[in-house]
Amino acid sequence: MEVPVFDLQHDLFMQAASICDETVTLLEGGTEARYVSSLIVTADEGEHRNAIAPIVQAMAGYLVEKVGQFGVIAGAAQVPVVSITDEDLVWTRGARYSGKLSRQSRANEVHGQFIDTTAAWQPNS
């Protein structure tokens with residue numbers, strides 16, 4: 001990634017580390033850390049993104065970029081920021097398309113993801 005330290009969202013990295021360190025109860029008894037990763041990174045790995053990718057995969061997480069700053073979000077239940085209900089959906093109006101929208105009318109993307117217990121705890125969307 002070759003990102004200066006001031007462009008890293010330290011709060012997201014610390015939150016991800018805390019999530020990885022949380023203890024989870026095992027079905028057969030006992031507990032363990034939610035996510036554990038062990039690897040050796042050398043200087044010839046190429047881009048930093050290539051070096052951090054296995055760590056992000058091990059925590060079922062993903063890299064994020066917000067306003068030029070980078071962080072990581074660990075794969076665990078997140079606090080919802082909005083709930084979409086049937087009242088939020090417009091069923092009575094037909095779909096329409098406008099090729100030119102004002103900057104304020106444009107929306108970014110909305111992504112949803114859940115951990116599927118029937119698919120070996122892999123993320124689905």
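Modeller: Start at Leu-63, which stands opposite Val-72 in β4. This is a predicted model, so every value here is computed from predicted coordinates. Tyr-62 has its bridge partner in β4 too, at Ile-73. The two strands, β3 and β4, run antiparallel and are joined by five bridges.

Now the turn. β3 and β4 form a hairpin, with two residues between them. Val-67 sits in that loop between β3 and β4. Phi of Val-67 is near 50 degrees, a positive value in a residue other than glycine. Most residues other than glycine have a negative phi. Is Val-67 buried or exposed? Val-67 has a relative accessible area of 84%. The cut-off for exposed is over 50%, so Val-67 counts as exposed.

α2 covers residues 48–58, and its buried residues are Ala-51, Ile-52 and Val-56. Viewed down the axis of α2, these buried residues fall within an arc of 135 degrees, so they line one face of the helix. What lies over them? The cover on the buried residues of α2 includes α1, β3 and β4. Neighbours within four places in sequence aside, Val-56 is in contact with Gly-61, Tyr-62, Leu-63 and Val-72. Among these are Leu-63 and Val-72, the two residues that stand opposite each other in the pairing of the strands.

The other helix is α1, residues 10–21. α1 has 12 residues and reaches 16 Å from its first C-alpha to its last, close to the 16 Å expected at 1.5 Å a residue. Buried in α1 are Leu-12, Ala-16, Ile-19 and Cys-20. Seen down the axis of α1, they fall within an arc of 100 degrees, so they line one face of the helix. An α-helix has 3.6 residues a turn, so residues three or four places apart point the same way. What do the buried residues of α1 pack against? They pack against β2 (31–33), β3 (62–66) and β4 (69–73). The face of α1 turned away from its buried side carries exposed residues: Asp-11, Met-14 and Asp-21.

Gln-9 has a relative accessible area of 10% and is buried. With neighbours within four places in sequence left aside, Gln-9 is in contact with Lys-66, Gln-69, Phe-70 and Gly-71. Of these partners, Gln-69, Phe-70 and Gly-71 fall in β4 (69–73), and Lys-66 falls in β3 (62–66).

Now put the side chains together. Which residues make up the largest nonpolar core? There are eight: Ala-16, Ile-19, Cys-20, Ile-52, Val-56, Met-59, Val-72 and Ala-74. The elements that give two or more residues to this core are α1 and α2. The largest share comes from α1, with three residues. Val-72, the residue opposite Leu-63, is one of the eight.

Finally, the setting. The protein chain has two helices and six strands. Read along the sequence, its pattern is α-β-β-α-β-β-β-β. Of its 125 residues, 14% count as buried. The radius of gyration is 19 Å, whereas a compact globule of 125 residues would have one near 14 Å. The C-alpha atoms fill a box of roughly 55 × 40 × 25 Å along the principal axes. Of the contacts with a separation of 6 or more, 36% are between residues 24 or more positions apart.

Key:
Residues numbered from 1 in each chain as written. Predicted model: local features only at pLDDT ≥ 70, side-chain atom pairs only at ≥ 80, totals over all residues. Heavy atoms only, no water. Helix = DSSP H or I, 4+ residues; strand = E, 2+ residues; numbered from the N terminus. Expected span 1.5 Å × (residues − 1). Buried < 20%, exposed > 50% of the residue type's maximum accessible area, 1.4 Å probe, protein only. Arc of directions from axis to C-beta. Contact = heavy atoms within 4.5 Å. Pairing = 2+ DSSP bridges. Core = buried A, V, L, I, M, F, W, Y, C linked by side-chain atoms within 4.5 Å. Rg over C-alpha atoms; globule rule 2.2 N^0.38 Å.
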